[in-house]
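Visitor: I have a model open and would like to go through it with you. Could we start with how its helices meet?

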Amino acid sequence: MKIGEIEVGGGRTAVVGVIIDGLRAATLRKAAAHGADILELRIDTFEGADPEKLSRGLRRIRSGGRSPAASMPLLATVRSAREGSPARLCDALRLELFEAAAPWVDAVDIEISSSAIAAQVAALARRRRLRLIASFHDFRGTPGAARLASVVDEGKALGAHMVKIAARADRPAQLRRLAALLLDRNDLAVVAMGGFAAASRVFFPMLGSLLTYGAVTEATAPGQMPLRELRKALERFSPARLQGGRAGVLPVNGS
């Protein structure tokens, strides 16, 4: 599966740098320098949440040849308050922001629980030929195995190319439950939050997680590692080194 020009799956995991608080050139340069393969734009954290301003900013980035983000894959996320956004954006505005971002990005992330707009975002992704990530977040704990399997089924029914699951794991049993998902599937991105967050972000790629996430400036989830620290840990523990001179996609599972 490709997100932009970045291949994930088949033993390869992409490192996602999470961008908050707007499209500042310095932050984008930092993300590229610290090893991001993909930039996740947490649009719900951007000041003003203005669709026209967002469109202009993305157009400027994509047309700026010297910008690190000009050619990097972009993932647009407009997170709901229910699943972790510090903003309380209404669904209608969230949909407008997705529509404003769509011409300029390579993928979109919509929560499975956002039933009011999830189908519309999925249809937008199909029209624009974007990768669709259906996500689920539990900040209180890790659901049981049956519930996790149901979440994956719900995401795939939405038409997602990938289902992302992030759940709080403070006990080894919870971490094992999340890891078990990756042993049976090849279309998931799974991360833990809380006590085992760092372990999951470094070692779940070796079990097949398609994406792992690091903070470029401030963490957006409990235990989220700084991007540079995450990249160094991945390089240290990966069974294969990064290929080429640039900050490339991480080969895992011996590939």
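Visitor: Which residues of H7 and H8 meet each other?

Guide: Keeping in mind that this is a predicted model, Arg201, Val202, Phe203, Pro205 and Met206 in H7 are in contact with Leu230, Ala233, Leu234 and Phe237 in H8. Sorted by class, that contact has eight nonpolar residues, no polar ones and one charged residue.

Visitor: And how do the axes of H7 and H8 cross, at what angle?

Guide: Helix H7 covers residues 197-207 and helix H8 covers residues 227-237, and their axes come within 9 Å and cross at roughly 45 degrees. The two helices are therefore oblique to each other, and their crossing is right-handed.

Visitor: Why give both an angle and a distance for two packed helices?

Guide: Two packed helices are described by the angle between their axes together with the distance between those axes.

Visitor: OK, then what about the axes of H3 and H4?

Guide: The axes of H3 and H4 come within 11 Å and cross at roughly 10 degrees. An angle under 35 degrees counts as roughly parallel, which makes H3 roughly parallel to H4.

Visitor: Which residues make that contact?

Guide: From H3 there are Leu95, Phe98 and Glu99, and from H4 there are Gln120, Val121 and Leu124. The residues of this contact divide into four nonpolar, one polar and one charged.

Visitor: Staying with H3, which of its residues are buried?

Guide: Helix H3 takes in residues 91-101, and within it Arg94, Leu95, Leu97, Phe98, Ala100 and Ala101 are buried.

Visitor: Let's zoom out. How many helices and strands does the chain have?

Guide: The secondary structure of the chain comes to eight helices and 11 strands. With a radius of gyration of 17 Å, close to the 18 Å that the globule rule gives for 255 residues, the chain is as compact as a globular protein of that length.

Visitor: What box do its C-alpha atoms fill, and what share of the residues is buried?

Guide: Taken along the principal axes, the C-alpha atoms fill a box of roughly 45 × 45 × 30 Å, and buried residues make up 56% of the 255 residues in the chain.

Visitor: Last one: what share of the contacts joins residues at least 24 apart?

Guide: If you take the contacts between residues at least 6 apart in sequence, 68% of them join residues at least 24 apart.

Conventions:
Residues are numbered from 1 along each chain as its sequence is written. This is a predicted model: local features need pLDDT of at least 70, side-chain atom pairs count only at pLDDT 80 or more; totals for chains, interfaces and linings use all residues. Side-chain values use heavy atoms; hydrogens and water are left out. Buried means under 20% relative accessible area, exposed over 50%, partly exposed in between (1.4 Å probe, protein chains only). Helices (H or I, at least four residues) and strands (E, at least two) are DSSP runs, numbered from the N terminus. Axes are lines fitted to C-alpha atoms, for helices over the stretch in contact, and angles run from 0 to 180 degrees between N-to-C directions. Angles under 35 degrees count as roughly parallel, over 145 as roughly antiparallel, 65 to 115 as roughly perpendicular and the rest as oblique. A crossing is left-handed if the near helix is turned anticlockwise from the far one by less than a right angle, and right-handed if clockwise. Contact means heavy atoms within 4.5 Å. Ala, Val, Leu, Ile, Met, Phe, Trp, Tyr, Cys and Pro count as nonpolar, Asp, Glu, Lys and Arg as charged, and the others, Gly among them, as polar. The radius of gyration is taken over C-alpha atoms; the globule rule is 2.2 Å times the number of residues to the power 0.38.
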